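Here is a short briefing on one protein model. Look at the fold as a whole, then zoom in on a single residue.

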Amino acid sequence: MDLAHGRVTGLYFKMLFSALGSMIVTTIYSTVDCICIGQYAGPLGSAAVACVNPLWPVMLAPGFLVGVGGAIMMNNRRGSGNGHDADGYFTLSFFFALFVSVVIGLSFILFPEEILSFFGAEGEVLSASIEYMRPLAVAAPTFTMCAGITPFIRGDGETVIPTVATITGGVVNIFGDVFFVFDFGLGLGLFGAGLATAIGQVVSFLLILLYFLRKKCKLKLTKPDKILGKFKHIFSVGFPAFIIELSGGIVGLVFIRVISEGLGDAHLAVYGTASTVLVMFYCLFYATGTALQPIVATSHGAGMPERSRAALKIALISAMGLGALFFLAVQLLPELILRFYMDVTPEVLLIGNDIMRTYTAALPIAGISIVASYYMQSVLRHNASGLIALLRALLWPALLVLLLPVTFGYGAIWWAIPIAELLTLLVSVVILVLDKKKV
């Protein structure tokens, strides 16, 4: 694909379908686990999933930091004709992701109880969480490496291999969950769910590596120069993606602690399902931004702002359309979703529908801020992109989770995410309007 001169609409939707395919199957890793564990162990299993969920951002955020930041800089340098600099950004990002992935994996293997206790797991929920986490800890480095490498492969113009790798890993995970978890298979319970996810991710990682054996691969490891300057660019450009991913774990931790303190295990079980569903939808919003980035970064590097704005318009329309569909699905079918994810109890049914509808109320508008952050990131407006990411993913949600229960009672906690998205939308619109005037 000619990212600098090809038709913007065609390029965007090729990228979007690839990103959507990868994101859909990526969500299967947590979604299928949540379903199988919820059906196997009921609300206890769903509560355990809620406590393990903050580990995903810890594994993925460092990969996104250097993967997204480095890939944008690589495409920007390629657009301006500087191939050596582009290779240097890839090299530094690759080895940074490799180092961090090993550190994360060792930490998960050596300190599972301490980590999960910090995330709010106690008693039976802690034991169930450790059982689920053990196989994931061994595969943790592959999650980080996939997050770090895949943006470069897409930036290199390849959309098929990342999609095939993710779909294959997802299929392995699905069949593994069914066979490993339940008694008609191996009956390994929560450990089996974690094992299926770990095996699926390893398969995806191995398939991703096959791209480097293809003749069309232009990604090269080289001896980089100006290392500190390049790391500064990588981290500043990749920071929004990093904070978006990592803040999910931080906000999840705050949610779990407040729910455990004031609402109890039934609410924690519903939160486990509601947060998994919301993350699944957000991942599809991230796909609209992921599809945008190679086109905008290359066009910006080549000095063609009109192409960047055209891609932004298409991405915004895509995000709003997806958001409307997601919103209707949850508002009309909350009980069906709950029953799909777990073996519900009367207590869960009593509170679950209202929680699901409230917690996901901002879906029609959430994609706008996500696309705005990805766009500003791609045109190297680090401060604007970082501000949107910080407000939407961390500052507003964490502040509201802490303040709403104190002011209006613990039940108000479910409005934290919708209000945070609305406040961020206002900031995002102002930033996009100012950017349009500047262009």
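Threonine 273 lies in helix H9, which spans residues 265-301. Helices here are DSSP runs of H or I with at least four residues, and strands are runs of E with at least two, numbered from the N terminus. This is a predicted model: local features need pLDDT of at least 70, side-chain atom pairs count only at pLDDT 80 or more, and totals for chains, interfaces and linings use all residues. Residues are numbered from 1 along each chain as its sequence is written, and side-chain values use heavy atoms, with hydrogens and water left out.

**Threonine 273**
- Threonine 273 counts as buried because its relative accessibility is 0%; buried means under 20% relative accessible area, exposed over 50%, and partly exposed in between (1.4 Å probe, protein chains only).
- Leaving out residues up to four places away in sequence, threonine 273 touches Ser46, Leu338, Tyr341, Met342 and Met356. A contact means heavy atoms within 4.5 Å.

**Overall fold**
- The protein has 15 helices and zero strands.
- Its radius of gyration is 21 Å, close to the 22 Å that the globule rule gives for 439 residues, so the protein is as compact as a globular protein of that length. The radius is taken over C-alpha atoms, and the rule is 2.2 Å times the number of residues to the power 0.38.
- Along the principal axes, the C-alpha atoms fill a box of roughly 60 × 45 × 35 Å.

**Packing**
- Buried residues make up 61% of the 439 residues.
- Of the contacts between residues at least 6 apart in sequence, 83% join residues at least 24 apart.
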